Amino acid sequence: MDFLKKNIDKIVGIGAFLILALFSFRVVLFLTFSPPEENSFMATAYEGLGIEAAPVVDRPVEHPRQMEWSFDGRFGHFDKAAVRRGLQVYREVCSACHSLDLIAFRNLTEIGYSVGAAKAIAASYQITAGPDRFGDMYERPGILADTFPAPFDNPAAAAISNGGKAPPDLSLMAKARADGPNYIHSLLTGYVDAPVDFVPNSDTTTYNPYFDTWEIVMPPPLFDGFVEYEDGTEASVEQMSKDVTNFLMWTAEPNLEARLTMGFSVVLYSLVLTLLLFLSMKTIWRRLKP
Amino acid sequence: MAPKGKGTKAAPEQSVTRRDFIHILAGTVGGVGIGATIWPLVDQMNPSADILALSTTEVDLSQIEVGQSILVVWQKKPVFVRHRTQQEILEAEATPLSDLRDPQTDQARVEKPEWLIMVGICTHLGCIPLGERGDYGGWFCPCHGSHYDTSGRIRKGPAPKNLFVPDYVFVGDDKIIIGTTET
Amino acid sequence: MAGKKNTGIKGIIDWIDDRLPIFTLMDEYVGPAYQTPRNLNYWWNFGSLAGFCLIVQIITGIILAMHYNPSAAGAFESVEHIMRDVNYGWLMRYIHSNGSSLFFLVVYIHVFRGLYYGSYKAPRELLWMLGLLILVLMMATAFMGYVLPWGQMSYWAATVITNFFTAIPGIGEWIVEWLRGSFAVDNSTLNRFFSLHYLFPFLIVGVVILHIWALHTKGSSNPTGIDVKKGTADTIPFHPFYSIKDLFGIGVFIVVFAVFVFYFPNLMSHPDNYIQANPMSTPPHIVPEWYFLPFYAILRAFTMDISVFGVTLIDAKLLGVLAMFGSIILLFFLPWIDKSKVRSATFRPLYRIFFWVIVADLFLLGVAGAMPAEGLWIYLGQFGTAYYFLHFTVILYLLGKYEKTRPLPTSISEPVTK
């Protein structure tokens, strides 16, 4: 109580500063996300300062739908069944165009495949290896140590076969986009007919309101029933998209569960240690005559 | 007069008081934390997961003719895989153990007598011995003159031990996996 | 030496100390012999916190360097190798990347403490300047470190920042090519940045030693800003009072650090840096790390050349670069700009208001730096920049000269009324 009385002005000062900072941050957020045509304050400000508003945009890029994922939050974990289904979607749909360079077949044991099952998946791929004793490259079945082979030999080959744009590698996609998992899921399920007044810049692209230029080179990759799930789950577009999102979150951050588990112990330990250090400090400082 | 703190230890004439308990407790808990922190700092230098995945190597034996050796890589080390001739096998089996610096029967060094698989690193100071050389029909290490016989056992020269035979297992008749005893 | 010699451990300590006085040094620097003002508040913890951050960065950095491949072809992959395959690699990487952000947060708070309490004033001017030198070295280190993962932001931030030097008239283009070792940011650039990024922290350690030496020469300042008399009731020994307080501060910091590393490891980084560098494709928004944002805003604030009769004297780009470096160089002269005899803002009611305003201004500049340079944000960035320079020149000078300060207490042991 004494502590409060002696330091009340500092507390009020810091508190006021924090409230002011948070408020101004919120105001700033509000201002930045409300262009002049939606916000009369901004419109007046622009006018008053004689600023020409940026060309009015007909529609903003859609923000991704916010979903609840098993890997969200302090106790996040991977729904391994969903991740395995997502792997199946990747193998049967996405791998035709997208590489997964950072995932090795040995990693599959982390999502519930036995060593034998992982070996079988590896062996189902032909990997270019060599050179052999005669100096030639040859093909052999994959082993656990191999990574997923890419569908194209190099970026130029990938671009030529895909409308001039190489399909990006998917290993880190969930972390390479803002709000990654929600973005991926919204994008995959978000293909709709373009609005009547939408003028596309290219005729080789498809309209997608979640993509930052609204025109995406990738045509809708998922259709209901496209994949027959091994575990019998019904393969709707929504389901496949959720599963592949779970899968891609795992490929991007395979150590997520270890990180959260260790985090719990470390934060708890640090709180205890800090408390002990606090008590130790108070004991020492009490020795001081006021 | 303000007390001149001389540290957290109590003055010599007093024993550890109840008040000091908190300091000892804080120090111990802190020490545990430091110890727990040390492990990741040390463990990160251990072989990483991708290296450990290469702990076995598969070798196709079908192309190796009798009397021919090939060199394969297992765990980044050279391994001699030799398809021995009948004469080499007989010589190896007939050698009395008393002639050997590092006594080992030939049978103890092979699964099938016609296939000799050993790590091609001289047990002296680590050079790679040359095959079909030396006074015993086996290998000769040019660095300091060690001679190995047709079973890869040291016969002459400074090397103390026979060439190391790794774990390996046959998968069928013409494939082996080096580095494990399980298929 | 006369007198009874100590035996055992104390004897060994005395033997070493007699020949190389490291124990006496430790005693005088962090031991019971160092007399410290008794009234230091928690804003005084941030110096030791900064030292803690430096040590953490060096240890995790050396470990990361054991696994990192500093080539344009292999860098991105090697960082992912660290994240996935190296034992605890993800932990080392997240500690290092978040540690760098928290290092800057701690150092900025430490600097603001100095501004508020007049720690830069005589006789601590050199201490202040050494601190600024540490900040400049940190900025260079952090910039080079961010390039190392060779993501999109790494590559394009390196391109933009090295492009600064084209602003230098005449030799600018040559300097940039010399810096990069190639016609564009390239493998040569990455290799040399790796070498220097490993070196600079040890230069920082050297300057930190000078910084602490300068501190101990005059002793710590304190929240009242008035001089303390050593050996009286004004001071207490550093050990155990401040050693334990610093440890407590480090404990609190570790809690915050752990929350970032384990729960929000990518909050302060940019998603584009998880895309491998592509020299043929510029990201839509190039943004530096948050701690560079105010300087980035100052850089972009200048949009008009200075020309006389149609002859360009200084073009806008050069103005921006000069202003950006100038904003830090100006701080070196602070002890001579602000001539107030009163150190601490506790007794400078008018200065105190302007202090919070400059904090808000830097916050505004930070946000402006993150926004695309369009519309209202151009004006806000220019206003913020103008105000920054106004504050550190005119406002501080006038305050120093004319402000009516509150009466100072005679000693820190006397109760101070607020």
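This is a predicted model: local features need pLDDT of at least 70, side-chain atom pairs count only at pLDDT 80 or more; totals for chains, interfaces and linings use all residues.
**View 1. The contact between chain A and chain C.**
Let's start with the two partners: chain A brings 49 residues to the contact and chain C brings 46 residues. Together they bury about 4,100 Å², with 75% of that area on carbon and sulfur atoms. Look for A:Lys175, A:Arg259 and A:Trp285, which supply 14% of the area that chain A buries against chain C, more than any other three residues.

**View 2. A salt bridge across the interface.**
How many salt bridges does the rule find across the interface of chain A and chain C? It finds 1, and the partners are C:Asp85 and A:Arg106, whose closest N and O atoms are 3.2 Å apart. Polar contacts also link the two chains, with a count of 10 residue pairs, both residues at pLDDT 80 or more.

**View 3. The side of chain A that touches chain C.**
Among the elements of chain A that give two or more residues to this side are helix H1 (2-33), helix H2 (40-48) and helix H9 (256-286). H9(A) gives the most, with 17 residues. If you sort the residues of this side by kind, you get 30 nonpolar, 9 polar and 10 charged.

**View 4. Confidence along chain B.**
Chain B has an average pLDDT of 88, and 90% of its residues score at least 70. Among its elements, strand S4 (residues 115-119) has the highest mean pLDDT (96), while strand S1 (residues 57-60) has the lowest (87). Take care with residues 1-13 of chain B, where the pLDDT is below 50; beyond near neighbours in sequence, this stretch has 16 contacts in the model.

Terms used:
Residues are numbered from 1 along each chain as its sequence is written. Chains are lettered from A and ligands numbered from 1 in the order in which they are written. Side-chain values use heavy atoms; hydrogens and water are left out. Contact means heavy atoms within 4.5 Å. Buried area is the accessible area (1.4 Å probe) that two parts lose on being put together, summed over both. A salt bridge is a side-chain nitrogen of Lys or Arg within 4 Å of a carboxyl oxygen of Asp or Glu. A polar contact is a pair of N or O atoms within 3.5 Å; within protein, one must be able to donate a hydrogen and the other to accept it, and residues adjacent in sequence count only if both atoms are side-chain atoms. Helices (H or I, at least four residues) and strands (E, at least two) are DSSP runs, numbered from the N terminus. Ala, Val, Leu, Ile, Met, Phe, Trp, Tyr, Cys and Pro count as nonpolar, Asp, Glu, Lys and Arg as charged, and the others, Gly among them, as polar. pLDDT is the predictor's confidence in each residue, from 0 to 100.
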